[in-house]
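Let's take a walk through this structure together, one piece at a time. Have the 3D view open and follow along.

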Amino acid sequence: MRTPAPRGPLSEHVRSIIRSEPSETCGRNIADVDDAITDDDLQLALWMSYELHYRGFDDAIGDAEWDLDLLRLRAEMERQFLEDLRRTVDPPTNKVRPLDVPDALARLTSDTGGPSLSRYLQVEASRGQFEEFVIHRSAYHLKEADPHSWAIPRLTGASKAALIEIQFDEYGAGSAPRMHSELFRYAMRGLGLDDRYGHYLDRVPGLTLAMTNIISYLGLHHRWRGALAGHLAAFEMTSSAPNRRYAAGYRRVGGVHDAALFYDEHVAADAVHEQVAAHDLCGRLAECEPSLADDIVFGAAACLALDNLFAKKLLCAWASGQSLLLPERSERMALAL
Amino acid sequence: MTDHRATIQAYPNGPLIVRGDFEVQDHLGNPLPNARRTVALCRCGRSALKPFCDGTHKKPMARRVPEHDLPSDNGQGAGRPS
């Protein structure tokens, strides 16, 4: 994958650093960013910074991954992202007792208060809308489990074993074709979409990238290991029922039948994972490190807040016959002329 | 690698999680096709994937309202939309 086309001064500056191209100081003040969560430029810049820790870029020159200027810029973007996230997230006002963490997670995830994107996809979405949904989700699923894996070395004991138990499944229990990222690629091909890593990066907006960037952020910072655990728990705990609906919707719009395996697999797998995540990962982590209890709940709330925001915006766009995908590059260039 | 004795762990308000050396069979003794080393067995009876859990236990039960308590226009919906 090559570096994507920049969307503004921040992503342009990050791209220059990655490609070792001469660049002046970044022409955009991060403090002026209105909403870091939905900012296309900032989220792409963050994405590119994090991607250096994942698969990297074919046109990267030198060791940009640990470039100090890049890390400094990334830290500023992260600060803004976190500040805007705290404003958006609605965590409980009372401090959570460590013993109550699994119950607090269950309450948070039982009523997300958001619109039902999964029901719409199950019964109403057109083929084009379903394809759009899969394109957005591919930003996460093609690197599925990698962002949460950052927390493995940051945990100890029972919570570490629990995270491994979940991730072992995500990575196909040792079988490459059964890795969940591979099952997702199969599902993409079953809809006639291009399954190459990074192929649709230019089309997905800031909010879509934010939903994965938040996991990279939490996972790459020791201080946020509790929130990473909470994020994974919320992710797993809100998975089974929607995946059942996605599978039905996938088949309804004509996706190749056995390529719905990704969704079918997740219904049963996440029924296990949600228990392990809530009790063995988060519950034991809170017992072992009681000071992390609030962070665990914050991470879960952050996951749900971004999911709900995305669902609301997507359904709203579709209701007026529009798309949340950015125009194709050729369209953008034509518009710029 | 030694085989581990099977353990069955009951999770609060949730399924039975089975780990270790086990085989899930149908009523005729045929092994069920699950390739997972850890499975969740349904405890609520409402899973569409029985004997495996599919998360349905989290959905509220449909409420049965006595007829004389029904409002005159419509009956109450079953559970919470999601």
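Start in the loop of chain A that runs between α1 (9-18) and α2 (40-51), because that is where A:Ser20 sits. Keep in mind that what you're looking at is a predicted model. So what is the phi of A:Ser20, a residue that is not a glycine? It's positive, at about 55 degrees. For background, most residues other than glycine have a negative phi, and most peptide bonds are trans.

The peptide bond joining B:Lys50 and B:Pro51 is cis, with omega at about 10 degrees. To find B:Pro51, look in the segment that comes after β3 (39-41) of chain B.

Now for some helix packing. Two packed helices are described by the angle between their axes and the distance between the axes. Take α2(A) and α10(A): their axes lie 9 Å apart and the helices pack at an angle of about 40 degrees. An angle like that makes α2(A) and α10(A) oblique to each other, and the crossing is left-handed. On the α2(A) side, the residues involved are A:Asp40, A:Gln43, A:Leu44, A:Leu46, A:Trp47 and A:Tyr50. They meet A:Gly206, A:Leu209, A:Ala210, A:Thr212, A:Asn213, A:Ser216 and A:Tyr217 in α10(A). Sorted by class, this contact of α2(A) with α10(A) has seven nonpolar, five polar and one charged residues.

Stay with α10 (residues 206-219) of chain A and look for α6 (residues 127-141) of chain A. The axes of these two helices come within 9 Å and cross at roughly 15 degrees. Angles under 35 degrees count as roughly parallel, so that is the label for α6(A) and α10(A). Their crossing is right-handed. From α6(A), the contact draws on A:His136, A:Arg137, A:Ala139 and A:Tyr140, while α10(A) brings A:Thr208, A:Met211, A:Thr212 and A:Ile215. In class terms, the contact of α6(A) with α10(A) holds four nonpolar, three polar and one charged residues.

Which way does α8(A) run relative to α13(A), roughly parallel or roughly antiparallel? Helix α8 (residues 157-170) and helix α13 (residues 261-288), both of chain A, have axes that come within 8 Å and cross at roughly 165 degrees. That's why α8(A) and α13(A) are roughly antiparallel. The crossing of α8(A) and α13(A) is left-handed. Among the residues making the contact are A:Ala162, A:Glu165 and A:Asp169 of α8(A), along with A:His273, A:Asp280 and A:Arg284 of α13(A). Overall, the residues of the contact of α8(A) with α13(A) split into eight nonpolar, three polar and six charged.

Charges bring us to pairs. Side chains of opposite charge can pair when their charged atoms come close. How many salt bridges does a search of the whole structure find? The count over all chains is 25. One of them joins the side chains of A:Arg185 and A:Asp195, at 3.2 Å from N to O. A:Arg185 belongs to helix α9 (residues 180-190) of chain A, and A:Asp195 lies ten residues away in the loop between α9 and α10.

Last stop: the place where the two chains meet. Chain B puts 22 residues into the contact and chain A puts in 23. Between them, chain B and chain A bury about 1800 Å², with 48% of that on carbon and sulfur atoms. Four salt bridges are found across this interface of chain B and chain A.

Conventions:
Residues are numbered from 1 along each chain as its sequence is written. Chains are lettered from A and ligands numbered from 1 in the order in which they are written. This is a predicted model: local features need pLDDT of at least 70, side-chain atom pairs count only at pLDDT 80 or more; totals for chains, interfaces and linings use all residues. Side-chain values use heavy atoms; hydrogens and water are left out. Axes are lines fitted to C-alpha atoms, for helices over the stretch in contact, and angles run from 0 to 180 degrees between N-to-C directions. Helices (H or I, at least four residues) and strands (E, at least two) are DSSP runs, numbered from the N terminus. Angles under 35 degrees count as roughly parallel, over 145 as roughly antiparallel, 65 to 115 as roughly perpendicular and the rest as oblique. A crossing is left-handed if the near helix is turned anticlockwise from the far one by less than a right angle, and right-handed if clockwise. Contact means heavy atoms within 4.5 Å. Ala, Val, Leu, Ile, Met, Phe, Trp, Tyr, Cys and Pro count as nonpolar, Asp, Glu, Lys and Arg as charged, and the others, Gly among them, as polar. Buried area is the accessible area (1.4 Å probe) that two parts lose on being put together, summed over both.
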